[in-house]
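Hi,

Here is the structure I promised to pass on. Have a look at it first, and then read my notes below.

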Amino acid sequence: MAVLKIIGIFAQLFHQSFWSVVGTLFLFLIVAAIAFFVIIGLKDKEKDAKNSGRKASGGGGTFYLENSLFDRIRSKYEELAQKYVDEKDYLKAAKVYMNLLQDNYRGAKTLEDGGFYNEAAVIYLKKLKNKSEAANCYEKAKQYRKAIDLYKELEQKEKVGDLYIEIHDIKNAHAYYQMVVDDYVNNNQMVKASLIYRKKMETPEAAQQILLKGWEENKDAFNCLNNYFANIFDVKKLESEIQYLYSKIPSDKKNIYLEALKYEFKKDEKLQPTARNIAYEIIAEKVNTHSEIVNELKHFNPKDEIILKDISRFKTGRNKMFRN
């Protein structure tokens, strides 16, 4: 009952002069202490009620009264925290969340929103055991070494490489990027591996080699070939490479090559004769076993209306032959 009287006096004072005293640390200490006693009191009463076997109707009024009072006090803390946020006093808002509302996550997030990245990182790491959020905050604070250590623990190798670049440690950056490449290659993700070489490590030759490897080993073959051609910007060199790769292509991959040629045909008029001739060779070779391949002719003769009629006559004639 003594605790209730103290709380009643405080609640009255809280209503009358709330905004005039909220800024002081003394108020924080008083409110924290009262909240502690209220919670302890509520837990004790609930425990006593269970042990004594009271019915819900007996003595319940006092319990619900205290619970209602606790909710009102909590609501005041929420208002106080929001007031500090509105005033951009993020440190005080975070203290309310963590010390009075026992909400470490909102405390850390408030610190992060306010630009107190180091302080937020400590809360994420020590209180919430969240290494990912802590690493992100250390990165924002430009505490790259601390962020790197955490990202290593999280096995985010590409991120580790990125942060080594930030501190101009190229050797370690490339070591971690190479780990990323190796992981992609082991998972047959050759295009992604090539992008690490090209974009992160700035080694376009290695990127092209990994794409060729994917094409030759049938590891996402079409996308590897398509990207390989896309990375050759000199038209003459590209034309030469199209001819060279075709000269050594196995028969079972010619359909994929034909699909890639459609993109190269549209890329530059200078490539069209070479692309068309190779396409004709592939279609002629495959048409007896895969008659539908004749439809591909229209992609290499986009302005030729006659070709569509020829394709139609070919398909009609072939169907008649099989019916007879």
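How many helices and strands does the chain have? There are 17 helices and zero strands (helices are DSSP runs of H or I with at least four residues, strands are E runs of at least two, and both are numbered from the N terminus). Before you go on, keep in mind that this is a predicted model, where local features need pLDDT of at least 70, side-chain atom pairs count only at pLDDT 80 or more, and totals for chains, interfaces and linings use all residues. Residues are numbered from 1 along each chain as its sequence is written, and side-chain values use heavy atoms, with hydrogens and water left out.

Of the chain's 324 residues, 35% count as buried (under 20% relative accessible area, with exposed over 50% and partly exposed in between, using a 1.4 Å probe and protein chains only).

Now for a helix pair. Helix α7 (residues 131-140) packs with helix α8 (residues 144-153) at an angle of about 155 degrees, and their axes are 8 Å apart (axes are lines fitted to C-alpha atoms over the stretch in contact, and angles run from 0 to 180 degrees between N-to-C directions). That makes α7 roughly antiparallel to α8 (angles over 145 degrees count as such; under 35 is roughly parallel, 65 to 115 roughly perpendicular, and the rest oblique).

Then the aromatic rings. The whole structure holds eight aromatic pairs (rings of Phe, Tyr and Trp, taking the six-membered ring of Trp, with centres within 6.5 Å; planes under 30 degrees apart are stacked, over 60 edge-to-face, and the rest tilted). One of them is Tyr164 with Tyr176, a tilted pair at 6.0 Å centre to centre and 35 degrees between the planes. Tyr164 sits in helix α9 (residues 157-166) and Tyr176 in helix α10 (residues 170-186), 12 residues apart. Tyr164 is buried at 5% relative accessibility, and Tyr176 is buried at 17%.

Phe229 and Tyr257 pair edge-to-face, 6.2 Å centre to centre with 85 degrees between the planes. Phe229 is in helix α13 (residues 221-230) and Tyr257 in helix α15 (residues 254-267), so this pair ties together parts 28 residues apart in sequence. Phe229 is buried at 0%, and Tyr257 is buried at 0% too. Together with Trp215, Tyr228 and Tyr246, they form one aromatic cluster.

Cheers
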